[in-house]
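Here are my notes for your first look at this one. Have the viewer open while you read.

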Amino acid sequence: MRNLSFCSEKWDKRYALAFLIALICSIICGIVLCKFINYNAYLRNLAGDYVYNVFNFKNSNILLPHFLGDVLYFYIFFAIGYFTKFKYINLIFVFLRGLFFGVYTALIIMVGAFSGVIVIIFVFVPATLISLALCYFAGEFCIKADKKYCFFIPAALALIDLIIMALLVNVVFRVIIIIV
């Protein structure tokens with residue numbers, strides 16, 4: 001049990017604060033840039049397809065891209081934290097992820113109207129925030145785990161995030177649809 005114990009590790013408060021500041025700034029930039037990106041038909045279709053797939057519970061169209069993106073981001077965060085001493089480089093990827101989060105949030109609301117707001121509130125925002133929290137965990141604490149297990153932790157985190165996303169779509173969202 002001591003191989004994965006993180007109780008004795010100290011939190012890097014400066015990194016956590018920088019992570020939050022980069023995330024908040026990137027979300028604001030993404031929402032502002034959505035005005036210019038709204039002219040792109042491909043992104044509007046992507047947002048419309050996301051709303052359609054959530055409402056029709058087409059899990060493979062939602063979960064597979066989410067899982068592959070998480071695996072990529074978690075291994076990037078892990079690799080930067082593990083192989084370099086500059087974990088603040090991860091803030092570039094936090095900014096990019098938050099920028100896309102802000103853009104897609106605004107686009108889904110514009111494309112889907114009321115249904116887009118429901119999808120944003122109950123599926124997209126919780127799934128993305130959980131994924132970002134797991135990115136922080138991958139960048140901060142995976143390097144402190146046992147060397148035998150540390151290379152599998154980002155994949156396990158992506159699997160955990162996939163399960164949470166599947167629960168959000170198939171359990172929480174279905175209950176909300178039944179209520180509404």
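1. Ground rules first. This is a predicted model, where local features need pLDDT of at least 70 and side-chain atom pairs count only at pLDDT 80 or more, while totals for chains, interfaces and linings use all residues. Residues are numbered from 1 along each chain as its sequence is written, and side-chain values use heavy atoms, with hydrogens and water left out.

2. Start with α1, which covers residues 13-37. Helices here are DSSP runs (H or I, at least four residues), numbered from the N terminus. α1 has 25 residues and reaches 35 Å from first C-alpha to last, close to the 36 Å expected at 1.5 Å a residue; the expected span is 1.5 Å times one less than the number of residues. There is also a bend of about 25 degrees at Ile31, taken as the angle between axes fitted to the seven residues ending there and the seven starting there.

3. Which residues of α1 are buried? They are Tyr15, Phe19, Ala22, Leu23, Ser26, Ile27, Gly30 and Cys34. Buried means under 20% relative accessible area, exposed over 50%, and partly exposed in between (1.4 Å probe, protein chains only). What covers these α1 residues includes α3 and α4.

4. Next, α3. It has 25 residues and reaches 35 Å from its first C-alpha to its last, close to the expected 36 Å. Its buried residues include Ile62, His66, Asp70, Tyr73 and Phe74. The buried residues of α3 pack against α1, α2, α4 and α5 (153-179).

5. Now the largest pocket, with a volume of about 670 Å³. On a 1 Å grid over the protein atoms alone, a pocket is an open set of points where a 1.4 Å probe fits, with protein on both sides within 12 Å along at least five of seven lines; lining residues have an atom within 4 Å of a point. Points are joined across faces, edges and corners, and the volume is the space filled by probe spheres set on them. How many residues line the largest pocket? There are 21, of which Tyr50, Pro65, His66, Tyr104 and Phe124 lie nearest its centre. α2 (41-55), α3 (59-83) and α4 (90-140) each give two or more residues to the lining, and the largest share, 8 residues, comes from α4.

6. By class, that lining has 13 nonpolar, 5 polar and 3 charged residues. Here Ala, Val, Leu, Ile, Met, Phe, Trp, Tyr, Cys and Pro count as nonpolar, Asp, Glu, Lys and Arg as charged, and the others, Gly among them, as polar.

7. Have a look at Ile108 in α4. Buried or exposed? Ile108 counts as buried, because its relative accessibility is 2%. Leaving out residues up to four places away in sequence, Ile108 touches Ala47, Tyr50, Val51, Ala113, Gly116, Ile120 and Phe124; contact means heavy atoms within 4.5 Å.

8. Finally, two backbone spots to check. Phe57, in the loop between α2 and α3, has phi near 55 degrees, a positive value in a residue other than glycine. Phe57 is partly exposed, with a relative accessible area of 21%. Ala113 also has a positive phi, near 55 degrees, but its place is in helix α4. At 47% relative accessibility, Ala113 counts as partly exposed.
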